[in-house]
Amino acid sequence: MKILAINGSYRRGGIMDQAVEAAAAAARAGGAEVETVLLTEKRVEFCTNCRACTQAPGGERGACPIADDMSGILDAAEAAGGLILAAPVNCFNVSAVYRRFMERGTPYAYWPWGAAAPAFRIKAGGKKAVLITSSAMPSFFGRLFTGALRALKLTATTLGAKVAGTLFIGLSSLEEKPRLAARDRRLAEALGRKLL
Ligand SMILES: Cc1cc2nc3c(=O)[nH]c(=O)nc-3n(C[C@H](O)[C@H](O)[C@H](O)COP(=O)(O)O)c2cc1C
(Lines give C-alpha, C1' and ligand atoms only; values in the text may rest on other atoms or scores of the structure.)
Protein backbone atom coordinates (compact mmCIF):
# COMPACT_ATOMS: atom_id res chain seq x y z
CA MET A 1 0.00 0.00 0.00
CA LYS A 2 1.23 3.49 -0.84
CA ILE A 3 0.90 6.35 1.61
CA LEU A 4 1.66 9.97 0.83
CA ALA A 5 2.60 12.39 3.62
CA ILE A 6 2.27 16.10 2.87
CA ASN A 7 4.07 18.27 5.40
CA GLY A 8 3.65 22.05 5.57
CA SER A 9 6.22 22.78 8.28
CA TYR A 10 8.93 25.36 7.56
CA ARG A 11 11.78 23.75 9.43
CA ARG A 12 13.48 20.41 9.33
CA GLY A 13 13.66 18.41 12.53
CA GLY A 14 10.84 20.33 14.22
CA ILE A 15 7.77 18.87 15.85
CA MET A 16 5.87 18.30 12.63
CA ASP A 17 8.78 16.48 10.99
CA GLN A 18 9.14 14.25 14.06
CA ALA A 19 5.41 13.49 14.26
CA VAL A 20 5.04 12.83 10.53
CA GLU A 21 8.10 10.58 10.59
CA ALA A 22 6.70 8.64 13.59
CA ALA A 23 3.41 8.06 11.75
CA ALA A 24 5.29 7.14 8.55
CA ALA A 25 7.62 4.73 10.38
CA ALA A 26 4.65 2.91 11.95
CA ALA A 27 2.98 2.61 8.54
CA ARG A 28 6.24 1.33 7.00
CA ALA A 29 6.56 -1.21 9.80
CA GLY A 30 3.11 -2.47 8.79
CA GLY A 31 4.24 -2.96 5.19
CA ALA A 32 3.30 0.36 3.58
CA GLU A 33 5.47 2.35 1.20
CA VAL A 34 5.53 5.96 2.41
CA GLU A 35 6.62 8.99 0.41
CA THR A 36 6.89 12.38 2.12
CA VAL A 37 6.38 15.69 0.31
CA LEU A 38 7.94 18.68 2.09
CA LEU A 39 6.01 21.61 0.69
CA THR A 40 8.87 24.07 1.31
CA GLU A 41 11.00 22.03 -1.09
CA LYS A 42 8.45 22.06 -3.90
CA ARG A 43 7.57 24.77 -6.37
CA VAL A 44 3.91 25.50 -5.76
CA GLU A 45 2.70 28.80 -7.17
CA PHE A 46 -0.33 30.71 -5.95
CA CYS A 47 -3.74 29.93 -7.48
CA THR A 48 -4.55 32.85 -9.80
CA ASN A 49 -8.35 32.35 -9.63
CA CYS A 50 -8.58 31.92 -13.40
CA ARG A 51 -11.04 29.06 -12.72
CA ALA A 52 -10.01 27.32 -15.97
CA CYS A 53 -9.75 24.07 -13.97
CA THR A 54 -13.31 24.28 -12.61
CA GLN A 55 -15.28 24.71 -15.83
CA ALA A 56 -15.54 21.21 -17.34
CA PRO A 57 -17.93 18.79 -15.60
CA GLY A 58 -16.92 15.32 -14.43
CA GLY A 59 -15.28 13.39 -11.65
CA GLU A 60 -11.69 13.91 -12.84
CA ARG A 61 -9.59 16.81 -11.58
CA GLY A 62 -9.61 19.77 -13.95
CA ALA A 63 -6.53 20.91 -15.84
CA CYS A 64 -4.57 23.71 -14.14
CA PRO A 65 -2.60 25.90 -16.56
CA ILE A 66 0.20 26.57 -14.04
CA ALA A 67 3.29 24.45 -14.78
CA ASP A 68 4.94 23.71 -11.45
CA ASP A 69 5.25 20.78 -9.01
CA MET A 70 1.58 20.74 -8.07
CA SER A 71 0.32 18.25 -10.64
CA GLY A 72 3.00 15.75 -9.56
CA ILE A 73 1.95 16.11 -5.91
CA LEU A 74 -1.71 15.60 -6.83
CA ASP A 75 -0.89 12.58 -9.04
CA ALA A 76 0.92 11.03 -6.04
CA ALA A 77 -2.01 11.85 -3.72
CA GLU A 78 -4.47 10.20 -6.13
CA ALA A 79 -2.27 7.10 -6.46
CA ALA A 80 -1.91 6.75 -2.68
CA GLY A 81 -4.21 4.55 -0.60
CA GLY A 82 -3.73 6.76 2.45
CA LEU A 83 -2.67 10.30 3.30
CA ILE A 84 -0.86 11.94 6.20
CA LEU A 85 -1.74 15.66 6.07
CA ALA A 86 0.34 17.84 8.37
CA ALA A 87 0.94 21.52 9.02
CA PRO A 88 1.75 23.58 12.12
CA VAL A 89 -0.49 26.31 13.47
CA ASN A 90 0.73 29.72 12.31
CA CYS A 91 -1.43 32.74 13.13
CA PHE A 92 -4.30 30.50 14.27
CA ASN A 93 -4.45 28.42 11.11
CA VAL A 94 -2.23 26.19 8.96
CA SER A 95 1.08 27.59 7.68
CA ALA A 96 0.99 29.80 4.58
CA VAL A 97 2.86 27.23 2.49
CA TYR A 98 0.18 24.65 3.34
CA ARG A 99 -2.57 27.14 2.60
CA ARG A 100 -1.07 27.85 -0.81
CA PHE A 101 -1.06 24.09 -1.50
CA MET A 102 -4.70 23.85 -0.37
CA GLU A 103 -5.82 26.61 -2.69
CA ARG A 104 -4.29 24.73 -5.60
CA GLY A 105 -6.74 21.90 -4.88
CA THR A 106 -9.26 23.95 -6.87
CA PRO A 107 -9.11 21.51 -9.87
CA TYR A 108 -11.07 19.10 -7.64
CA ALA A 109 -14.00 21.54 -7.71
CA TYR A 110 -16.64 21.75 -10.44
CA TRP A 111 -17.53 25.43 -10.40
CA PRO A 112 -18.60 26.80 -13.78
CA TRP A 113 -19.15 30.51 -14.23
CA GLY A 114 -22.69 31.30 -13.09
CA ALA A 115 -22.71 28.76 -10.22
CA ALA A 116 -22.71 30.40 -6.81
CA ALA A 117 -20.61 27.74 -5.10
CA PRO A 118 -18.28 24.87 -6.03
CA ALA A 119 -19.13 21.15 -5.82
CA PHE A 120 -16.50 18.56 -4.89
CA ARG A 121 -15.69 16.35 -7.88
CA ILE A 122 -14.54 13.33 -5.83
CA LYS A 123 -16.82 11.58 -3.33
CA ALA A 124 -15.03 10.06 -0.32
CA GLY A 125 -14.26 6.40 -1.11
CA GLY A 126 -11.95 3.93 0.59
CA LYS A 127 -9.04 6.34 0.99
CA LYS A 128 -8.20 7.35 4.55
CA ALA A 129 -6.38 10.45 5.80
CA VAL A 130 -4.88 11.26 9.18
CA LEU A 131 -4.33 14.85 10.22
CA ILE A 132 -1.45 16.21 12.34
CA THR A 133 -0.89 19.73 13.61
CA SER A 134 1.01 21.47 16.42
CA SER A 135 0.87 24.76 18.26
CA ALA A 136 2.49 26.79 21.01
CA MET A 137 -0.79 26.87 22.91
CA PRO A 138 -2.07 23.75 24.66
CA SER A 139 -3.85 21.36 22.33
CA PHE A 140 -7.19 21.82 24.13
CA PHE A 141 -7.19 25.51 23.16
CA GLY A 142 -5.69 24.77 19.76
CA ARG A 143 -8.58 22.49 18.86
CA LEU A 144 -11.06 25.15 20.00
CA PHE A 145 -9.50 28.36 18.74
CA THR A 146 -7.56 27.55 15.58
CA GLY A 147 -8.73 26.57 12.10
CA ALA A 148 -5.85 24.15 11.52
CA LEU A 149 -7.73 20.86 11.78
CA ARG A 150 -10.63 22.21 9.75
CA ALA A 151 -8.19 23.26 7.01
CA LEU A 152 -6.46 19.86 7.01
CA LYS A 153 -9.86 18.15 6.90
CA LEU A 154 -10.89 20.25 3.92
CA THR A 155 -7.81 19.00 2.06
CA ALA A 156 -8.78 15.40 2.89
CA THR A 157 -12.31 15.98 1.59
CA THR A 158 -10.98 17.66 -1.55
CA LEU A 159 -8.77 14.64 -2.23
CA GLY A 160 -11.64 12.20 -1.64
CA ALA A 161 -10.33 10.82 1.66
CA LYS A 162 -12.14 10.16 4.94
CA VAL A 163 -10.50 11.36 8.15
CA ALA A 164 -9.45 8.32 10.20
CA GLY A 165 -7.84 10.22 13.07
CA THR A 166 -6.31 13.49 14.21
CA LEU A 167 -3.39 14.51 16.42
CA PHE A 168 -3.09 18.02 17.88
CA ILE A 169 0.27 18.51 19.60
CA GLY A 170 0.21 21.45 21.99
CA LEU A 171 2.91 23.29 23.94
CA SER A 172 5.37 22.59 21.16
CA SER A 173 7.27 25.90 21.31
CA LEU A 174 8.80 25.83 24.77
CA GLU A 175 12.26 24.92 23.50
CA GLU A 176 14.32 25.96 20.50
CA LYS A 177 14.67 22.35 19.42
CA PRO A 178 11.59 20.59 20.78
CA ARG A 179 11.48 16.82 21.08
CA LEU A 180 8.27 14.95 20.38
CA ALA A 181 6.90 13.76 23.74
CA ALA A 182 6.63 9.98 24.17
CA ARG A 183 2.84 10.17 24.37
CA ASP A 184 2.58 12.20 21.14
CA ARG A 185 4.96 9.77 19.44
CA ARG A 186 2.71 6.86 20.41
CA LEU A 187 -0.35 8.75 19.15
CA ALA A 188 1.39 9.56 15.86
CA GLU A 189 2.39 5.90 15.44
CA ALA A 190 -1.20 4.84 16.11
CA LEU A 191 -2.33 7.21 13.35
CA GLY A 192 0.18 5.67 10.95
CA ARG A 193 -1.23 2.20 11.70
CA LYS A 194 -4.80 3.43 11.15
CA LEU A 195 -3.96 4.00 7.49
CA LEU A 196 -3.09 0.35 6.88
C1 LIG B 1 4.95 32.62 12.21
C2 LIG B 1 4.47 31.75 13.33
C3 LIG B 1 3.17 31.87 13.76
C4 LIG B 1 2.71 31.07 14.80
N5 LIG B 1 1.43 31.22 15.21
C6 LIG B 1 0.97 30.47 16.25
C7 LIG B 1 -0.37 30.64 16.71
O8 LIG B 1 -1.16 31.43 16.19
N9 LIG B 1 -0.77 29.89 17.77
C10 LIG B 1 0.06 28.98 18.37
O11 LIG B 1 -0.35 28.34 19.34
N12 LIG B 1 1.33 28.77 17.93
C13 LIG B 1 1.79 29.50 16.89
N14 LIG B 1 3.09 29.30 16.43
C15 LIG B 1 3.91 28.21 17.00
C16 LIG B 1 3.95 26.97 16.08
O17 LIG B 1 2.65 26.47 15.86
C18 LIG B 1 4.76 25.83 16.71
O19 LIG B 1 6.06 26.29 16.99
C20 LIG B 1 4.81 24.61 15.81
O21 LIG B 1 5.06 23.49 16.61
C22 LIG B 1 5.88 24.71 14.75
O23 LIG B 1 6.05 23.45 14.10
P24 LIG B 1 7.53 22.92 13.72
O25 LIG B 1 8.16 22.49 15.02
O26 LIG B 1 7.31 21.78 12.79
O27 LIG B 1 8.27 24.05 13.11
C28 LIG B 1 3.57 30.10 15.41
C29 LIG B 1 4.89 29.99 14.94
C30 LIG B 1 5.33 30.81 13.93
C31 LIG B 1 6.77 30.70 13.47
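The entries below go from the sheet to the helices, then to the ligand and to single residues.

**Ground rules.** I am working with a predicted model, in which local features need pLDDT of at least 70 and side-chain atom pairs count only at pLDDT 80 or more, while totals for chains, interfaces and linings use all residues. Residues are numbered from 1 along each chain as its sequence is written.

**Sheet.** I looked up the strand order first, and found an open sheet of 5 strands, S2-S1-S3-S8-S9, with parallel pairing. Strand S2 (33-38) and strand S9 (162-169) are the edge strands, each pairing on one side only. Neighbouring strands of this sheet are turned by 15 degrees against each other on average, direction ignored. For my own reference, helices (H or I, at least four residues) and strands (E, at least two) are DSSP runs numbered from the N terminus, and two strands pair if DSSP finds at least two bridges between them. Strand S1 (residues 2-7) is joined to S2 by 6 bridges, and the two run parallel; within this pair, Ala 5 stands opposite Thr 36 in S2.

**Helices on the sheet.** I then checked helix H2 (residues 70-79), which packs on the sheet and touches S1, S2 and strand S3 (82-86), contact here being C-beta atoms, placed from the backbone, within 7 Å. The direction of H2 makes about 140 degrees with that of S1, where axes are lines fitted to C-alpha atoms, for helices over the stretch in contact, and angles run from 0 to 180 degrees between N-to-C directions. Helix H6 (residues 182-194) lies across strand S8 (128-134) and S9, and runs at about 170 degrees to S9.

Which residues of helix H3 are buried? In H3 (residues 96-103) they are Tyr 98, Phe 101 and Met 102, where buried means 20 or more other C-beta atoms within 10 Å of a residue's own, exposed 12 or fewer, and partly exposed in between, with C-beta atoms placed from the backbone. They sit on the same side of H3, because they cover an arc of only 100 degrees around the axis, the arc being that of the directions from the helix axis to the C-beta atoms. Their cover includes strand S5 (93-94) and helix H5 (148-158). Among the buried residues of H5 itself I noted Leu 149, Leu 152 and Thr 155, and just after H5, Gly 160 takes a positive phi of about 75 degrees.

**Ligand shell.** I counted 19 residues around the ligand, the closest being Gly 14, Met 16, Pro 88, Ser 135 and Ala 136; a residue is near if its C-beta atom, placed from the backbone, lies within 6 Å. Helix H1 (15-29) and strand S4 (89-90) are the elements that give two or more residues, and H1 has the largest share, 3 residues. By class the shell holds 9 nonpolar, 8 polar and 2 charged residues, where Ala, Val, Leu, Ile, Met, Phe, Trp, Tyr, Cys and Pro count as nonpolar, Asp, Glu, Lys and Arg as charged, and the others, Gly among them, as polar.

**Single residues.** Arg 51, in the loop between S2 and H2, has a positive phi near 65 degrees although not a glycine, and counts as partly exposed because 15 C-beta neighbours lie inside 10 Å. Phe 92, in the loop between S4 and S5, likewise has a positive phi, near 70 degrees, but counts as exposed, with 12 C-beta neighbours inside 10 Å.

Definitions and conventions:
Two residues are in contact if their C-beta atoms, placed from the backbone, lie within 7 Å.
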